[in-house]
Structures are given as structure tokens and as C-alpha cells.
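Hi,

Here is the structure I said I would pass on. Have a look at it first, and my notes follow below.

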Amino acid sequence: MMQGNVLIPELDVLNNIRMPSELSGRNIDETELQTFLEILRITHILKSYPSEVSGGEYRRVMLARILPLHTEILIADEPTLNLDAGSAEIVRNVLNEYANNDHILIVSTHDSLLAPQAGKTSYWLLNQSMVFNRFCI
């Protein structure tokens with residue numbers, strides 16, 4: 001999950017979400033996809049184009065592109081950057097659920113609310129040095 005504009009402007013939101021799965025040759029479980037869309041609260045924008053959605057919706061669409069792929073590792077670069085409180089909480093909850101389902105989540109963040117939820121084992125860096133690791137309950 002990268003920062004910036006990575007959605008294809010000529011495709012609507014639903015086709016942007018489906019594109020990575022189609023390119024990888026992986027089938028999408030439609031029921032599961034619908035569940036992801038509801039959790040991410042983006043069902044109302046599926047026919048919209050990237051230029052027509054808010055910043056928070058855009059970030060949640062980017063996350064919806066990744067979830068159906070069931071990758072073992074997810075790397076998220078500032079996933080809650082510039083999001084309103086509601087959108088940031090949705091993203092935090094989805095990433096926390098992902099990390100707690102036997103996936104590896106690597107996050108670069110300044111979000112002090114996201115970091116403590118980052119899974120069972122967290123490694124913290126300060127000035128490019130590991131300062132400690134802790135077991136999160």
C-alpha cells in the first residue's frame with residue numbers, strides 16, 4: 001500500500017479494485033470482496049472514478065485492492081497519512097485484523113494509534129536503530 005496516486009484514473013473504483021487480482025490470475029471470492037467493501041465503507045463509490053472520491057475513500061480503495069489477494073506480507077507506507085479520524089480508524093482496524101490473521105504486516109507510520117495495534121510482535125525504530133521489541137496483547 002503506497003502513498004500517492006496509484007489508481008488508474010480511466011477505471012472506476014470497482015475495476016481498480018479488481019485489476020490486481022485479474023493481472024495476477026487470482027480469482028476473487030465475490031462474497032469476501034463484498035464483505036471487504038462493506039468493512040471499508042466504500043460500496044457507495046464503486047462506479048465513481050478516482051478523481052471523484054475523497055482522500056480517505058481513495059486510501060480505502062487502495063486497501064481493497066490488496067485484501068482479496070491474501071498475500072502473506074503486506075507493506076503499508078503511512079496508511080493513515082492525511083486521513084480524517086473516521087477513515088484512519090477504519091484503516092487501522094483492517095490492518096490490525098490482517099496482522100492478527102497470521103499475516104506479516106510491515107508499516108511505516110507516524111500514527112501513534114496504529115503502531116500499538118501492529119500485531120503480536122512489534123519492532124520499533126528510532127533514528128534508524130531498533131530500540132526495543134515488545135509483545136503486544
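Let's start with R18, which sits in helix α1, the stretch covering residues 13-24. Keep in mind that this is a predicted model. Is R18 buried or exposed? R18 has a relative accessible area of 19%, and buried means under 20%, so R18 counts as buried. Leaving aside residues up to four places away in sequence, R18 touches I28, E30 and L33.

Next, the surface. I73, I75, I104 and I106 make a nonpolar patch there of about 370 Å². Two elements, β1 (73-77) and β2 (104-108), each give two or more residues to that patch.

Most residues other than glycine have a negative phi. H70 is not a glycine, yet its phi is positive, at about 50°. You'll find H70 in the loop between α3 (55-66) and β1. With 44% relative accessibility, H70 counts as partly exposed.

N82 also has a positive phi without being a glycine, this time of about 60°. Look for N82 in the loop between β1 and α4 (85-99). At 73% relative accessibility, N82 is exposed.

Happy browsing!

Terms used. Residues numbered from 1 in each chain as written. Predicted model: local features only at pLDDT ≥ 70, side-chain atom pairs only at ≥ 80, totals over all residues. Heavy atoms only, no water. Patch = residues over 30% accessible without salt bridge, like charges linked within 9 Å, V, L, I, M, F, W, Y side chains within 5 Å. Areas by Shrake-Rupley, 256 points an atom, 1.4 Å probe, with all protein chains shown as cover. Salt bridge = Lys/Arg side-chain N within 4 Å of Asp/Glu carboxyl O. Helix = DSSP H or I, 4+ residues; strand = E, 2+ residues; numbered from the N terminus. Buried < 20%, exposed > 50% of the residue type's maximum accessible area, 1.4 Å probe, protein only. Contact = heavy atoms within 4.5 Å.
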